[in-house]
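Q: I would like to learn how to read a structure of this kind one feature at a time. Could we begin with the overall fold and then work through packing and charged side chains?

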Amino acid sequence: MNPEDKWDDNGEEELKTWATPETIEEPTDEQQDAAVEAKGAANDLASDDKLDEAIEKMTTALGAKSGSAMYWAFRASLYLKAKKPRCAIKDAEKALELNPDSARALRVSGMAHYHLGEWTAAADGINKANVIDFDESS
């Protein structure tokens, strides 16, 4: 591991930035459409390296799509890019509760553990992800 690969572990301070979505129990079609739009906007913002704004958009999207492992895994990947590995792990765990075979959630979790220097958990997540969907870069 290169020294720059290990990130500072801000632990509890970082977790204070984790956002709990305001969940809509039975979203209307309009609310679900708005969630899809918010996810698209989050993707665009992430492409422009506006990660905090992208995370906010995904938090909004998760309000109507809290049962979507794909949405949780996407927000986990945004937290990882924002160098908030503990938040990424928390979202990845939620995605894995919904879909234990989410390769993206497993990979994000593995990479977050890697950046925290938690080698066993990192190897476990990345290996499981590669069994489901091999990625040469991980």
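Q: What pattern does the protein chain follow when it is read along the sequence?
A: In this predicted model, the order of elements is α-α-α-α-α-α-α, which amounts to seven helices and zero strands. Of the 138 residues in the protein chain, 43% count as buried, and among contacts between residues at least 6 apart in sequence, 61% join residues at least 24 apart.

Q: How should I read the packing of two helices, and at what angle do α4 and α6 pack?
A: One takes the angle between the axes together with their separation, and then asks which residues meet. Helix α4 (residues 69–81) packs against helix α6 (residues 103–115) at about 25°, the axes lying 9 Å apart. Angles under 35 degrees count as roughly parallel, and α4 is therefore roughly parallel to α6. The crossing of α4 past α6 is left-handed. On the α4 side, Ala 73, Phe 74, Ala 76, Ser 77 and Leu 80 take part, and they meet Arg 104, Ala 105, Val 108, Met 111, Ala 112 and His 115 of α6.

Q: Which helix holds both Lys 128 and Asp 124?
A: Both residues lie in helix α7, four residues apart, or about one turn of the helix. Lys 128 is partly exposed, with a relative accessible area of 44%, and Asp 124 is partly exposed at 39%.

Q: Is Lys 39 buried or exposed?
A: For a charged residue, one checks burial, then partners of opposite charge, then contacts. Lys 39, in helix α2 (residues 29–47), is buried yet has no salt bridge, and the nearest side chain of opposite charge, that of Asp 44, is 10.0 Å away. Leaving aside neighbours within four places in sequence, Lys 39 is in contact with Met 58, Ala 61, Met 70, Tyr 71 and Phe 74.

Terms used
Residues are numbered from 1 along each chain as its sequence is written. This is a predicted model: local features need pLDDT of at least 70, side-chain atom pairs count only at pLDDT 80 or more; totals for chains, interfaces and linings use all residues. Side-chain values use heavy atoms; hydrogens and water are left out. Buried means under 20% relative accessible area, exposed over 50%, partly exposed in between (1.4 Å probe, protein chains only). Lys and Arg count as positive and Asp and Glu as negative; His and the chain ends are not counted. A salt bridge is a side-chain nitrogen of Lys or Arg within 4 Å of a carboxyl oxygen of Asp or Glu. Contact means heavy atoms within 4.5 Å. Axes are lines fitted to C-alpha atoms, for helices over the stretch in contact, and angles run from 0 to 180 degrees between N-to-C directions. Angles under 35 degrees count as roughly parallel, over 145 as roughly antiparallel, 65 to 115 as roughly perpendicular and the rest as oblique. A crossing is left-handed if the near helix is turned anticlockwise from the far one by less than a right angle, and right-handed if clockwise.
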